[in-house]
Amino acid sequence: NPFIAPAQETNVANYGGIYRTVRLETVPPLHVRHNGVWVTTEGNEQAPVVRVRAWVANQGSSQKPFRLEHRVEDAEGNTIANLETGATLEAGGEHSFDQKTSAIADPHLWSPGSPYLYKLVTTLREGDRAADRCETRFGIRFMTHDAARGFVLNGSPIQLRGVNRRQDYGFLGDAVPEAVGVRDIRLMKEMGVNFFRTSHYPQAPAVIEACDELGILVWEEVPNIKI
């Protein structure tokens with residue numbers, strides 16, 4: 001039948017083009033780079049330290065002095081740590097910063113049973129004006145593995161019960177609404193899942209955020225399905 005496309009061509013049509021949420025962001029000449037704030041934790045379960053790496057760019061035509069401020073907030077919005085630094089960037093320049101807080105007192109550790117999230121608020125100030133601002137949510141958790149105890153989370157062995165998940169659906173291809181992906185994560189949680197492997201590529205940010213919020217560990221693979 002000449003009016004029915006071959007299966008291979010149909011598959012290509014379902015899996016091509018833009019398939020995730022798209023947004024247009026405008027930034028001032030002096031700004032924090034896109035994905036330019038990385039938050040990790042160091043130390044141990046009793047005295048965790050928050051490490052913040054940030055990248056600032058000046059795409060203006062003149063040098064600009066600035067201050068970079070980081071504020072760590074708990075889930076109730078209380079400030080528990082502050083970091084501040086400053087520099088002057090030449091036109092077209094970029095600068096990276098690497099800072100650490102003091103040990104966080106009475107930390108709430110993230111786990112599948114208690115998915116507690118902190119928030120880092122980053123503000124870039126040019127004089128008295130806030131030129132740019134972004135927020136990064138993160139959990140404090142420590143993971144190790146050994147042959148005797150297996151996978152250890154926050155000092156205690158934990159049995160991983162998990163699934164693989166692809167991001168596509170049969171009638172949608174890769175163009176799956178965020179709400180559908182989040183629904184999958186909720187179903188996983190109701191099943192008793194505490195571990196999820198992305199098959200075979202990073203999935204939508206909304207899916208990963210739902211795992212953070214609901215308490216599911218993620219093994220996120222590199223973006224390559226064929227070599």
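Author: In this predicted model, Q99 sits in strand β5, which runs over residues 94-100. Its relative accessibility is 13%, and because anything under 20% is classed as buried, Q99 counts as buried. Once the neighbours within four places in sequence are set aside, the residues in contact with Q99 are V50, R51, V52, H70, L83, E84 and T85.

Side chains of opposite charge can pair when their charged atoms come close. R51 forms a salt bridge with the side chain of D98, at 2.6 Å from N to O. This pair links distant parts of the chain, since R51 belongs to strand β2 (residues 48-58) and D98 to strand β5, 47 residues apart. D98 itself is partly exposed, with a relative accessible area of 45%, whereas Q99 is buried.

The structure holds 19 salt bridges, and two further examples can be set beside that one. In one of them, the side chains of E69 and R67 meet at 3.2 Å, N to O; E69 counts as buried at 19% relative accessibility, while R67, at 32%, counts as partly exposed. In the other, E135 and K119 are joined by a salt bridge of 3.8 Å, N to O. E135 lies in strand β7 (residues 129-138) and K119 in strand β6 (residues 118-126), so this pair ties together parts that are 16 residues apart in sequence. E135 is partly exposed at 43% relative accessibility, and K119 is also partly exposed, with a relative accessible area of 25%. Through salt bridges that share partners, R71, E73, K119, R133 and E135 are joined into one network.

The helix for contrast is α2, whose 14 residues (178-191) should span 20 Å at 1.5 Å a residue, which agrees with the 20 Å between its end C-alpha atoms. Its buried residues are G181, D184, I185 and M188. They cover an arc of only 95 degrees around the axis, which puts them on the same side of α2. An α-helix has 3.6 residues a turn, so residues three or four places apart point the same way. The buried residues of α2 pack against β11 (162-165), β12 (195-198) and α3 (205-214), whereas on the other side of α2, A179 and E190 are exposed. After α2 comes G192, whose phi is positive, near 95 degrees.

How values were computed: Residues are numbered from 1 along each chain as its sequence is written. This is a predicted model: local features need pLDDT of at least 70, side-chain atom pairs count only at pLDDT 80 or more; totals for chains, interfaces and linings use all residues. Side-chain values use heavy atoms; hydrogens and water are left out. Helices (H or I, at least four residues) and strands (E, at least two) are DSSP runs, numbered from the N terminus. Buried means under 20% relative accessible area, exposed over 50%, partly exposed in between (1.4 Å probe, protein chains only). Contact means heavy atoms within 4.5 Å. A salt bridge is a side-chain nitrogen of Lys or Arg within 4 Å of a carboxyl oxygen of Asp or Glu. The expected span of a helix is 1.5 Å times one less than its number of residues. The arc is that of the directions from the helix axis to the C-beta atoms.
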